[in-house]
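Hello,

Here is the structure I promised to pass on to you. Have a look at it first, and then read my notes below.

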Amino acid sequence: MFNLEKAIRGWRRDLVKNQSLEDGYIAELESHLRDEIENRRKQGKTGKTAFDEAVLLLGAGDDIGAEYFKTDTRGLSGRPPWKRGPMHPALFANYLKLAWRKTRRRKGYSLLNISGLALGMACAILIFLWVSDELSYDRFHPNADRVFRVITIDRSAERAVFSGESPSLIGPTLASEYPEVINFTRVQSGWSRWFLSYHGENFMDERMANADPSFFKVFRFPFVAGDPKSALESRFSIVLTQTLAEKIFADADPMGRTVVINGNDMKVTGVIEDLPPNSQFDFDFMFPIVNMTKWRESRLDDWTYSQYTTYIELAENADAESLEARVSGIVRRHLPESKKDIELQPLTSGHLHSLHLSQWTMMYPNPGNITYVYIFSLAALIALLVSCVNFMNLATARAGTRVREVGLRKVAGAGRNDLIRQFIGESLLTSLLALLGALMLVALSLPVYNRLTGKQLDIQDLAGVGALPGILMIALLTGLIAGSYPALFLSSFQPDQVLRSSFFIRSGRRGILRKTLVVFQFTATAILLIGTAAVSSQMHYIRHKDLGFDQENIIHFAAYGGFEKNWEAARAELLANPQVLAACRAFPPSQGLQGSTRVDWEGKDPSAEVMFFADIGDYDFLQVFGLRMAEGRFYSRKFPTDPENYVVNQTAARRIGKGPVVGKKLSFRGRRGVVIGVVKDYHGGSLHLPIQPKVIQLQPGFMVCVKFQGQPGAMLEFLEEKYRVHVPGEPFQYQFLDEGIDARYAAERRVETIIRGFTTVTILIACLGLFGLAAFTSEQRTKEIGIRKVLGARVSTIVFLISRQFVLWVLLANLIAWPLGYWIAHRWLQSFAYRTRLDWEIFVLTTAAALMISVLTVGAQAIRAAVADPVKSLRYE
């Protein structure tokens, strides 16, 4: 029941405490209050409502006192003496001095905090550098936001096929029919082994590109010499990178000089700066696209010819989404029988969003993956959060040891705000010291980190991307968050409470917070462990999966000279060496070359559109690569009509129909024949992609492929000797097949190594925090441990007593981490068409590893406390 008179008396007591209100003022204010209450009671309001509204109208006691003080005082500020002014700089310096003394006095505690934070921040900074580099690809072009790649979507098969190549006429048609398209260029890039020479010296390792003359108008690579507008106008012109120009001509001026490509004199009309590492282009010289119509029979005016990548540049303020919607069906409008659509991919998305593309005209050595950007960003966040939680946990755990310090400071005149500033100042100092340590760790680890990631990162890049303010803000926020709870909690105590000898802080809420933080910390660590285990399991699966063909002891090299013109004689010379088991002219097994929907067979549904791909090889393709027949036979020199027939893989056979396929008529790209054999499916491409229906065409490929036995060194000497005979004057360039296959998964191996490293560091950070908590727990229970030992407790009992709660926290954290870790790992594995399973063993082993780590960390401190002399323990404090 509300008592109005009692409420008014309470309000009056608050006014009496105010130093600026005299008795007359208080009586006058009470009279005003009663008048306001009476007016509201006449309006039918209850006593409590009338009182609350009247008090709200008059204001709080402090505010009333301050206003009265302003009318009486002669001071300029008008601030009552009992209200603190803004903090003086001298006080701020004093807080820093106190924080530094505390840091030096508690060396072990400070070292744990600073080390954990420094490791977490260093991990976050390293990953930030990597992510920033991945996101920076091709953004150095001033018009990068207006350049798009034309992506082709072939919907003729059951599953849409996305390709980076597009019909040759796409670029010219878009530029002529759509005014917002102001420029286009077609390009092939990254191929080596071209016969570039100067005065008899060959440069076959250099990478070629050919493009329309408008290439350097669309892509603004800086020119050292020459005019980008006209550098490729002449058919026999060539543009070199600065490094290649110096390699060929040394200190001489390259402009106007002549080099030779494929027997044609090419005039140097431009020199560009070396391509930056964050470009999706990879070439050392470029010549006009028109030459490929003569040298490689390229067709630049054919809607069915798709062996170039096309880029377009849009006008400023053009709507790319609207344009994409209008041009998506342009191929079908000009080629009615086609099932192809197009879409526009922003230039700045090409590096991270192209794994789903089938592309071969752009030889791109380091394609990115947006999934790894997300994974690394998550790893950085986890490492940073674990280190922050570490800091907060140790700070809150030790907060109770400073209550008497709080009491003494309050007795000496310190206010609550002073104490809050002091505690947060200590946290900020620790955080800033950790930031300095993190920057030192980053500088020391960058050389190793660059080798692991294959990048050229530098700590100065932090300033370049404007990251220093962000990193400093992280350090400040970490200090504020970690110091806020102890500051607010401890500063709330009253001196008369904390200075009593019997004072004891109940650990209820602090204990719950500490347990929650530990569980969160190990949940994050367990998720990283599960992710690392999933990546390692998939990489083991890739390394040991049977691809369906032989990979080891196979060398391939380009079929130039006598290997191309007189292959049978060259093959006989190779087979004369008893170490050579087989040799063929072919392209090594691939995902599939030159996909085509011009496929027909007996009994095919006329309305069904299916795309078949091709592998190319001669009669010895099966023997060299160890393919296995599922049905029928392979091509043989004994059958003169075999060049007219086909061998297909099992996936193609299933598409053709049920039952025996051998003997059925098949038409592929307009050439009719009979299926004479079916080979078992083999993974010619990456395991990211499914096996495609494939025809093995009987024709000589561009490479000589040699299967051998014995020592690779001796075989290389033999092959190089034969190469000098058949291709005189040209360097012998080769590759082992297994090395090429292994290179497909270089990105996954780097991710595995980096994630393992960051997981190890995160575990170390968590262990530092766990060690500190265990030490603090043992310190708090020193007398209890001494009494238990005097009463006969064994060391194992005491160790179990101290370790039990930590083990339970880690078990709970793993139970929470299992579904989250499974979801993240499952999402990553979906990028592989062929993948390992997430078996229960992964989760059990990661839990066992987390338990073992925590038991070893806590157990070491627990044993130390358990074997301590009980006499000293009972004298503690």
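Let me start with a question: is asparagine 317 buried or exposed? Asparagine 317 is exposed, because its relative accessible area is 83%. Here, buried means under 20% relative accessible area, exposed means over 50%, and partly exposed lies in between, with a 1.4 Å probe and protein chains only.

Before going further, please note that this is a predicted model, in which local features need pLDDT of at least 70 and side-chain atom pairs count only at pLDDT 80 or more, while totals for chains, interfaces and linings use all residues. Residues are numbered from 1 along each chain as its sequence is written, and side-chain values use heavy atoms, with hydrogens and water left out.

**Two asparagines in loops**

Asparagine 317 sits in the loop between strand E12 (309–314) and helix H11 (320–327). Helices (H or I, at least four residues) and strands (E, at least two) are DSSP runs, numbered from the N terminus. Most residues other than glycine have a negative phi. Asparagine 317, however, has a positive phi, near 70 degrees. Asparagine 262 also has a positive phi, of about 50 degrees, although it is not a glycine. You will find asparagine 262 in the loop between strand E9 (258–261) and E10, and it counts as partly exposed because its relative accessibility is 28%.

**The inside**

A nonpolar core is a set of buried Ala, Val, Leu, Ile, Met, Phe, Trp, Tyr and Cys residues joined through side-chain atoms within 4.5 Å. The largest one has 120 residues, and Phe376, Phe612, Phe625 and Leu666 touch the most other members. There is also a second, separate core of 25 residues, with Ala245, Val271, Phe285 and Phe287 among them.

Leucine 394 is part of helix H13 (residues 370–397) and counts as buried because its relative accessible area is 4%. Methionine 539 belongs to helix H19 (residues 508–544) and is buried, at 1% relative accessibility. Between the C-alpha atoms of methionine 539 and threonine 836 there are 8.9 Å, while along the chain these residues are 297 apart.

**Salt bridges**

How many salt bridges does a search of the whole structure find? The search finds 29, where a salt bridge is a side-chain nitrogen of Lys or Arg within 4 Å of a carboxyl oxygen of Asp or Glu.

One of them joins aspartate 133 to lysine 455, with the closest N and O atoms 2.6 Å apart. Aspartate 133 is in helix H6 (residues 107–135) and lysine 455 is in the loop between helix H15 (416–453) and helix H16 (461–464), so this pair ties together parts that are 322 residues apart in sequence. Lysine 455 is buried, with a relative accessible area of 12%.

Another salt bridge links the side chains of aspartate 212 and arginine 186 (2.9 Å, N to O). Aspartate 212 lies in the loop between strand E6 (208–211) and helix H8 (215–218), and arginine 186 lies in strand E3 (residues 181–191), so the pair ties together parts that are 26 residues apart in sequence. Both aspartate 212 and arginine 186 are buried.

**The surface**

Patches are made of residues with over 30% relative accessible area and no salt bridge, with like charges joined within 9 Å and nonpolar side chains (Val, Leu, Ile, Met, Phe, Trp, Tyr) within 5 Å. Accessible areas come from the Shrake-Rupley method with a 1.4 Å probe, and for residues only the protein chains shown count as cover.

One nonpolar surface patch covers about 560 Å², and its residues are Leu432, Leu472, Met473, Leu476, Leu477, Leu480 and Ile481. Helix H17 (residues 468–490) gives the largest share of this patch, six residues.

Elsewhere, Glu246, Asp251, Glu273 and Asp274 form a surface patch of negative charge. Glutamate 273 is in the loop between strand E10 (264–272) and strand E11 (285–288), and it is partly exposed, at 39% relative accessibility.

Enjoy exploring it!

Best wishes

How values were computed: Lys and Arg count as positive and Asp and Glu as negative; His and the chain ends are not counted. The place of a charge is taken as NZ of Lys, CZ of Arg, CG of Asp or CD of Glu.
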